Amino acid sequence: MDHPRHLVHITQIPVRWGDMDALGHVNNTVYFRFAEQARIDWLVSLGMKDIVEVEEGPVIINASCTFLKPITFPATVEVRTLIGKPGKSSLPTFYEMRCLGEDTLYAEGAAKIVWWNPKTGKSLPLPDFIRRLYPDE
């Protein structure tokens with residue numbers, strides 16, 4: 001069953017000349033960087049200033065992207081980060097990428113976050129401050 005997605009953050013990222021490939025559009029790998037930057041910006045906005053060398057935190061266990069329309073330079077990409085219904089230790093995240101000022105969806109993606117202990121490599125329950133982001137139905 002599909003659950004509603006809830007918008008939690010919007011990030012704007014300028015496209016750099018070097019983001020393009022020989023075909024004259026943003027290289028497919030860069031879309032994953034856009035999603036990564038949006039995810040980090042969102043986590044920092046939640047107060048997670050230190051994401052490196054932590055006792056617990058988020059790790060990505062899968063990621064996907066569907067490329068709908070090529071993005072070209074110059075542009076600023078608006079990445080909307082949405083979340084789905086949390087699991088015990090995981091949170092589905094979703095990304096919508098548009099060029100600033102346009103309604104056209106250029107790409108959409110997803111990444112599943114698992115909360116974990118990097119020293120043990122084991123998952124942990126999602127913290128309450130993450131779980132509270134998804135409204136009860």
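Visitor: Tyr 31, buried or exposed?
Guide: Tyr 31 is buried, at a relative accessible area of 2%. Buried means under 20%, exposed over 50% and partly exposed in between, with a 1.4 Å probe and protein chains only. Bear in mind that this is a predicted model: local features need pLDDT of at least 70, side-chain atom pairs count only at pLDDT 80 or more, and totals for chains, interfaces and linings use all residues. Residues are numbered from 1 along each chain as its sequence is written, and side-chain values use heavy atoms, leaving out hydrogens and water.

Visitor: How many aromatic pairs does the structure hold?
Guide: There are 4. Rings of Phe, Tyr and Trp (its six-membered ring) pair if their centres lie within 6.5 Å; planes under 30 degrees apart are stacked, over 60 edge-to-face, and the rest tilted. Tyr 31 and Phe 67 make an edge-to-face pair, 5.0 Å centre to centre with 75 degrees between the planes.

Visitor: Where do Tyr 31 and Phe 67 lie?
Guide: Tyr 31 is in helix H1 (residues 28-45) and Phe 67 in strand S2 (residues 57-67), so the pair ties together parts 36 residues apart in sequence. Helices (H or I, at least four residues) and strands (E, at least two) are DSSP runs numbered from the N terminus. Phe 67 is partly exposed, at 36% relative accessibility.

Visitor: Which residues form the aromatic cluster?
Guide: Tyr 31, Phe 34 and Phe 67 form one cluster.

Visitor: New topic: what sits over the ring of Phe 94?
Guide: The charged end of Arg 5, 3.6 Å from the ring centre. That label needs NZ of Lys or CZ of Arg within 6 Å of the ring centre and within 35 degrees of the ring normal.
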